[in-house]
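Please look over the sequence and the three-dimensional structure together before reading on. The paragraphs below are meant for someone meeting this structure for the first time.

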Amino acid sequence: SICGSLRGKDEPKRSFGTQSVSENIQETRTLSYVRESKDGFEWLTVGDSTAGNSLSLQQYEVVKPLVTYQHELPLNAIITNITYHFSNPYQYMLNLPEYDQNFTVRNCYLQQENETFTTSIFYQEDKQLITLRSIPIRIDDCIKGEVTAFQTLTYTLDYTSLSPFYFDMLH
């Protein structure tokens, strides 16, 4: 807690304090996949329009679905913990393409790849925006095209923010 006094022009003295308020955002997202195909290649996209769904098109990497969620936090929020969990796996066999300015035959530089979850924070005038990005599939065997797609993503963002309060006198 922080305490002090405020006095505006022609105003009586007012005392104030701040207290830490702990809050969290907890979400469980159901991910439904759509099998897409073109020129003999197959890949997955997420059919949920609220997921900010797109594809992860990284040079020389296998094409994977990418979901994005964004949350607003108070400007002075301090994130204390982020947890996530993928569940409800479903197996696919796909002729995944690699991305090299276009879809091409995969080279499988990495035989296996895990599902990922990353965060980034942006500041605006009166709030923070936290962006959560996830590639919700695991490449089990790149050469064979064996993929595990997780149908549920659960995450929790714990944060603390300061909340002001005013008082006339303490007893």
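What follows goes from the confidence of the model to its overall build, and then to single residues and pairs.

This is a predicted model, in which local features need pLDDT of at least 70 and side-chain atom pairs count only at pLDDT 80 or more, while totals for chains, interfaces and linings use all residues. Residues are numbered from 1 along each chain as its sequence is written, and side-chain values use heavy atoms, with hydrogens and water left out.

The predictor's confidence in each residue is given as pLDDT, on a scale from 0 to 100, and its mean over the protein chain is 84, with 80% of the residues reaching 70 or more. Among the elements of the chain, strand E12 (residues 137-141) has the highest mean pLDDT, 97, whereas strand E1 (residues 2-6) has the lowest, 47. Over residues 1-7 the pLDDT is below 50, and this stretch has 20 contacts in the model beyond near neighbours in sequence, a contact being heavy atoms within 4.5 Å.

Helices (H or I, at least four residues) and strands (E, at least two) are taken as DSSP runs and numbered from the N terminus. By that rule the protein chain has 13 strands and zero helices. Of contacts between residues at least 6 apart in sequence, 67% join residues at least 24 apart. Of the 171 residues, 37% count as buried, where buried means under 20% relative accessible area, exposed over 50%, and partly exposed in between (1.4 Å probe, protein chains only). The accessible surface of the chain comes to about 10,500 Å², of which 47% belongs to carbon and sulfur atoms; accessible areas come from the Shrake-Rupley method with a 1.4 Å probe, and for residues only the protein chains shown count as cover.

Which cysteines are joined by a disulfide? A disulfide is a pair of cysteine sulfur atoms within 2.5 Å, and a search of the whole structure finds one, which joins cysteine 108 to cysteine 142 with an S to S distance of 2.1 Å. The pair links distant parts of the chain, 34 residues apart, with cysteine 108 in the loop between E9 and E10 and cysteine 142 in the loop between E12 and strand E13 (146-167). The torsion about the S-S bond is about -80°, so the disulfide is left-handed. Cysteine 108 counts as buried at 17% relative accessibility, and cysteine 142 is buried as well, at 1%.

The loop between strand E9 (103-105) and strand E10 (116-123) also holds tyrosine 109, which counts as exposed because its relative accessibility is 57%. Tyr60, Tyr109 and Leu110 make a nonpolar surface patch of about 370 Å².

A salt bridge is a side-chain nitrogen of Lys or Arg within 4 Å of a carboxyl oxygen of Asp or Glu, and by this rule the count comes to six. One of them is formed by lysine 64 and glutamate 113, whose closest N and O atoms are 2.7 Å apart. This pair links distant parts of the chain, 49 residues apart, with lysine 64 in strand E6 (residues 64-74) and glutamate 113 in the loop between E9 and E10. Lysine 64 is buried, with a relative accessible area of 4%, and glutamate 113 is buried with 16%. Glu61, Lys64 and Glu113 are linked in a network of salt bridges.

Another salt bridge brings together the side chains of arginine 138 and aspartate 140 (2.7 Å, N to O). Both Arg138 and Asp140 are among the residues in contact with threonine 148, leaving aside its neighbours within four places in sequence. Threonine 148 is found in strand E13 and is buried, with a relative accessible area of 0%.

Most residues other than glycine have a negative phi. Aspartate 39, however, has a positive phi of about 50°; aspartate 39 lies in the loop between strand E3 (33-38) and strand E4 (41-46) and is exposed, with a relative accessible area of 68%. Asparagine 88 also has a positive phi, near 55°, but its place is in strand E7 (residues 78-93), and asparagine 88 counts as partly exposed at 44% relative accessibility.

Definitions and conventions:
Patches are made of residues with over 30% relative accessible area and no salt bridge: like charges are joined within 9 Å, nonpolar side chains (Val, Leu, Ile, Met, Phe, Trp, Tyr) within 5 Å.
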